[in-house]
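Subject: Handing over the structure

Hi,

Here is the structure I promised to pass along. My notes on it follow below, and I hope they are a handy starting point for your own look.

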Amino acid sequence: MNDQQRRRPAKPHRRPRKDPVRFLAFEALRAVDERDAYANLVLPPLLKKARANDDFDNRDAALATELVYGTLRRQGTYDAIVAACIDRPLREVDPPVLDVIDMGVHQLLGTRIPTHAAVSASVELARVVLGEGRAKFVNAVLRKVSADDLDGWVARVAPSYEEDPEDHLAVVHSHPRWVVSALWDALGGGRAGIEDLLEADNERPEVTLVARPGRSTTDELLTALGDGNGLPGRWSPYAVRMAEGGEPGALTAVQEGRAGVQDEGSQLVAAALANAPVEGSDNRWLDGCAGPGGKAALLAALAAERGAALLAAEKQPHRARLVERALAGNPGPYQVITADGTRPPWRPGSFDRVLMDVPCSGLGALRRRPEARWRRRKEDLENFAPLQRALLREALKAVRVGGVVGYATCSPHLAETRVVVDDVLKGRGGQPVEAEWVDARPLMPGVPALGDGPDVQLWPHLHGTDAMYLALLRRTA
């Protein structure tokens, strides 16, 4: 070694560069994990803040959104792949490290990002948020993952369908095994139907708008969206589907509360209750679990067209405020109160129509809240069961003889749907209720595959909606 070589200064240590898109996605994933937050609530304010920076554009926002939702949807599959690439139990990997790895795996196996870019960007993120030592671990794992594609990895880590059908579907389609089992029971049928449903759960849902009757129209929304940016709803006369990447909050009708964002299945449930035949008067309607207000706003608009009044009750004060915001400006009479539907302040027999959209597991909205599939446990259903039955009993007491109750839930799980209704009608766990089924299928005209009735179960793979359930009951005594 000569003198010149000895005097050459050491190469300076390069500081890791912060990639704003991946850093934002990591922040969102950590909030979901650490605070039990929902991505659809965490991500928008993060994106809004980032957009204030001129360097963060719509393409960046789209990539950040894909990284968050794609990682959450496919977490079960990715974790199984990562477990095959490390020499320790997956539970021993720190959650922030696993978030960076899973996000890297999604880039490798679930997007068109080139392999070298996916690995290098993930390692760079690890240097920023985890440190150099853990970044080396991330690099080693992702290089192993990059040796095969998604189909190849799934063939290696998933048991065969013949060996264990439910576990095979759980790994391939990234759902907990108990959720696969519950959805399969509710759906019935063979392999094709359940695979179609699980695949639909992993697809990005459309943004659907509702034109609230008497306040907006679908034509107004379609015109505001412009050619090619909006389509009429498939089933609801009030629905407009937005093109991917559209911003509903930019529409004047949405800003003014004359329209809103509402899944088409939710619209169908509210409209079916509003159109169910009742005997006698039709002046007072109740939404007994009104938060956050989507169905209440549509019901209020429909009630106003007939000169009826809506009472919207919500137990949680912060959700009651959301209901007030959703109903603001409605032309007809309405009232929003903070009240517990199991201990109601209203007198029995006070209403002609009652909607009781009960708290549930949310298994019907896994497209929109993919983290819910990992957060829910089978035993959670036992906690919901008494509340669901109590709310339905009180709803049937609240409606007058000849009036109609709609029992709704965003879950297809049999323990939250028909079992609840059967138990209440037959008096299991309480006094039997004098009520009869109303066939809900004719009240959703044009909607196919509604089953044998009289209740209705909507499905993402059959109807393009959340898996909403509706039972209509008429009080007879």
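A word on terms before the findings: contact means heavy atoms within 4.5 Å. Helices (H or I, at least four residues) and strands (E, at least two) are DSSP runs, numbered from the N terminus. Please keep in mind that this is a predicted model, where local features need pLDDT of at least 70 and side-chain atom pairs count only at pLDDT 80 or more, while totals for chains, interfaces and linings use all residues. Residues are numbered from 1 along each chain as its sequence is written, and side-chain values use heavy atoms, with hydrogens and water left out.

Let me begin with the whole chain. The protein chain has 21 helices and 12 strands. Its radius of gyration is 25 Å, close to the 23 Å that the globule rule gives for 477 residues, so the chain is as compact as a globular protein of that length. (The radius is taken over C-alpha atoms, and the rule is 2.2 Å times the number of residues to the power 0.38.) Along the principal axes, the C-alpha atoms fill a box of roughly 105 × 50 × 40 Å. Of the 477 residues, 53% count as buried, meaning under 20% relative accessible area with a 1.4 Å probe, protein chains only. Among contacts between residues at least 6 apart in sequence, 72% join residues at least 24 apart.

Next, the packing around helix H6. The axes of H4 (residues 58-73) and H6 (residues 95-110) come within 9 Å and cross at roughly 100°. That makes H4 roughly perpendicular to H6, a label for angles of 65 to 115 degrees. On the H4 side the contact uses Glu 66, Leu 67, Gly 70 and Thr 71, and on the H6 side Asp 102, Met 103, His 106 and Gln 107. These residues divide into 2 nonpolar, 4 polar and 2 charged; here Ala, Val, Leu, Ile, Met, Phe, Trp, Tyr, Cys and Pro count as nonpolar, Asp, Glu, Lys and Arg as charged, and the others, Gly among them, as polar.

Helix H5 (residues 75-83) also packs on H6, at an angle of about 100° and with the axes 10 Å apart. H5 is therefore roughly perpendicular to H6. The residues of the contact of H5 with H6 divide into 7 nonpolar, 3 polar and 2 charged.

Leaving aside neighbours within four places in sequence, Asp 99 is in contact with Phe 26, Leu 29, Arg 30 and Asp 33.

Helix H11 (residues 177-187) has buried residues too, among them Trp 178, Val 179, Leu 183 and Trp 184. What covers the buried residues of H11 includes helix H10 (165-173), helix H12 (191-201) and helix H19 (380-398). Just after H11, Gly 188 takes a positive phi of about 70°.

Finally, where is Cys 410 found? This residue, listed by UniProt for "active site" in an unreviewed entry, is in the loop between strand E9 (399-409) and helix H20 (418-426). Cys 410 counts as buried because its relative accessibility is 16%. Not counting residues up to four places away in sequence, Cys 410 touches Asp 357, Cys 360, Gly 362, Leu 363, Gly 364, Ala 365, Asp 466, Ala 467 and Met 468.

Happy browsing!

How values were computed:
Axes fitted to C-alpha atoms, helices over the stretch in contact; angles between N-to-C directions. Parallel < 35°, antiparallel > 145°, perpendicular 65-115°, else oblique. UniProt positions renumbered as here; feature names shortened; annotations may be inferred. Buried < 20%, exposed > 50% of the residue type's maximum accessible area, 1.4 Å probe, protein only.
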